[in-house]
Amino acid sequence: MTIDNYTKFIMTALTLVLLLNGLNPWVNPSQVFALENSAKIEKKTNDSCSSNNKVTTQTLEGVNNVERLLGYLESSINGIQLTISGIDRKLNNMPSK
């Protein structure tokens, strides 16, 4: 199979980008893990703290945002499916040669 140099270059670049993307959590870990671990340590000492209420409120807001996003994605996918079925009907109704 013959492949020109441009295609080889593009495939090599995409492979390197995917490799670096996969190595990112080990090379540059995010701050979320460090904060999460410190929160686990202090969990037993501050059970009645008002910051727990703030975290709970933020978590609920996050869940609501995810639900809204999923609803939007579902409606977009349904719209795409309707468009595809309309195209299929038009293609099936075309006169054949």
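In which helix does Leu23 lie? Leu23 belongs to helix α1 (residues 5-27), where helices are DSSP runs of H or I with at least four residues, numbered from the N terminus.

The model is predicted: local features need pLDDT of at least 70, side-chain atom pairs count only at pLDDT 80 or more, and totals for chains, interfaces and linings use all residues. Residues are numbered from 1 along each chain as its sequence is written, and side-chain values use heavy atoms, without hydrogens and water.

The protein chain contains three helices and zero strands, in the order α-α-α. Of its 97 residues, 1% are buried, that is, under 20% relative accessible area with a 1.4 Å probe, protein chains only. Confidence, given as pLDDT from 0 to 100 for each residue, has a mean of 76 over the chain, and 68% of residues reach 70 or more. It is highest in α1 and lowest in α2 (residues 31-42).

| Helix | Mean pLDDT |
|---|---|
| α1 | 88 |
| α2 | 56 |

Where pLDDT is low, the predicted coordinates should not be read in detail.

The end C-alpha atoms of α1 are 31 Å apart, in agreement with the 33 Å that its 23 residues should span at 1.5 Å a residue, the expected span being 1.5 Å times one less than the number of residues. A kink of about 30° lies at Asn21, shortly before Pro25; the bend is the angle between axes fitted to the seven residues ending there and the seven starting there.

Terms used. Helices (H or I, at least four residues) and strands (E, at least two) are DSSP runs, numbered from the N terminus. Buried means under 20% relative accessible area, exposed over 50%, partly exposed in between (1.4 Å probe, protein chains only). pLDDT is the predictor's confidence in each residue, from 0 to 100.
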